[in-house]
Amino acid sequence: MDSFIEINNLVKIYGKGKSEAALEGITVNFQKGVLNVIVGPSGSGKTTLLNCIGGLLRPSSGKININNWLISLAPIKELIDFRRKRVGFIFQDHNLIPGLTVEENIALPSFFSKSNSRSIKEKINQLLTQLEISALKNVDISNLSGGEKQRVGIAAALINNPELLIADEPTGQLDPKNTKILTEILHLQAKNGKCVLVATHDPRVAKEADTIFRLTRTEILQVTLDKAFTIE
């Protein structure tokens, strides 16, 4: 199977001068159609790697090729269009807007798509049901628990049917039941031909991976999920 994402010698340095690289010399490929899970200790660069792939950060050097498009050299306008229309982000801190309802927050990313309002409303209702938050549809985001906000963030990430789904510690505030719902959704997205990337410290998510990678600041290796496997 051809790789959807090809990364070659990726380096990301924050700041100037002699700052230590957050990532240094990372080379890896990710495929569509499988649940790709990235593990590693805190500070290993998982969030930095995902943000570079998703176009939120510019690499300091190296190449990121997504479906034969060199995102690492793309103009800003193309990056913005890419993030709006082709990527779904599930963030650790939700990135939701207080003062808007659950439905309004989920709908926001769809403003940049070409879908009509009726199909968007149908998709929102479908996601609300799937994530078991239909009763919260008209509730202000500010009045939700952390776990409820996370489920709203998941729905917002899926509303545009993105070809690339990026999830950074998506189960940090979810109980076992909702963690299971999320992993089922991630598997379904992969089964439907999406490229799904998940960074996690959660062994419940890691054990569901189709392909699992261990990241350090200077290296990423595909590993086997066996009895000896540990998250760190």
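This is a predicted model: local features need pLDDT of at least 70, side-chain atom pairs count only at pLDDT 80 or more; totals for chains, interfaces and linings use all residues.
In strand 4, I64 is the bridge partner of I7. Strand 1 (residues 5–13) and strand 4 (residues 61–66) run antiparallel and are joined by 5 bridges. Strands of a sheet pair through backbone hydrogen bonds, either parallel or antiparallel. The open sheet that holds these two strands has 4 strands in the order 2-1-4-5, with antiparallel pairing. At its edges stand strand 2 (21–30) and strand 5 (69–70); each has a single partner strand, so one side of each is left without a neighbour in the sheet. Helix 1 (residues 46–53) packs on this sheet and touches strand 1, strand 2 and strand 4. The direction of helix 1 makes about 120° with that of strand 1.

A further open sheet has 6 strands, in the order 6-7-8-3-9-10, and its pairing is mixed. Its edge strands are strand 6 (87–90) and strand 10 (219–223), each of which pairs on one side only. On average, neighbouring strands of this sheet are turned by 20° against each other, direction ignored.

Strand 6 and strand 7 run parallel and are joined by 4 bridges; G88 has L165 in strand 7 as its bridge partner. Strand 9 (residues 211–216) and strand 10 run antiparallel, with 5 bridges between them, and T216 stands opposite E219 in strand 10.

Which way do the residues of strand 6 point? In a regular strand the side chains alternate between the two faces of the sheet. In strand 6, V87 and F89 point one way, G88 and I90 point the other way, and all are buried.

Helix 6 (residues 176–191) lies across strand 3 (35–39), strand 7 (164–168) and strand 8 (195–199), and runs at about 150° to strand 8. Its length can be checked: at 1.5 Å a residue, the 16 residues of helix 6 should span 22 Å, and its end C-alpha atoms are 22 Å apart, which agrees. The buried residues of helix 6 include N178, I181, L182, I185, L186 and Q189. An α-helix has 3.6 residues a turn, so residues three or four places apart point the same way. Among the elements that cover the buried residues of helix 6 are strand 3, helix 4, helix 5 and helix 7. After helix 6 comes G193, whose phi is positive, near 95°.

The largest nonpolar core has 38 residues, of which V37, V102, I106, V152 and V198 touch the most other members. At least two residues of this core come from each of strand 3, helix 3 (102–107), helix 4 (117–130), helix 5 (146–158), strand 7, helix 6, strand 8 and helix 7 (203–206). The core also draws at least three residues from each of domain 1 (3–86) and domain 2 (102–131). The C-alpha centres of these domains lie 28 Å apart. Neighbours within four places in sequence aside, I106 is in contact with I124, L128, V152, A155, A156 and I159. Another core, of 30 residues, lies apart from the largest one and includes F4, I64, W69 and I220.

Is A135, in contrast, buried or exposed? A135 lies in the loop between helix 4 and helix 5. Its relative accessible area is 78%, and over 50% counts as exposed, so A135 is exposed. A135 and F112 are 23 residues apart in sequence and 26 Å apart in space, C-alpha to C-alpha.

Definitions and conventions. Residues are numbered from 1 along each chain as its sequence is written. Side-chain values use heavy atoms; hydrogens and water are left out. Two strands pair if DSSP finds at least two bridges between them. Axes are lines fitted to C-alpha atoms, for helices over the stretch in contact, and angles run from 0 to 180 degrees between N-to-C directions. Contact means heavy atoms within 4.5 Å. A nonpolar core is a set of buried Ala, Val, Leu, Ile, Met, Phe, Trp, Tyr and Cys residues joined through side-chain atoms within 4.5 Å. Buried means under 20% relative accessible area, exposed over 50%, partly exposed in between (1.4 Å probe, protein chains only). Domain bounds come from an automatic or database domain assignment. The expected span of a helix is 1.5 Å times one less than its number of residues.
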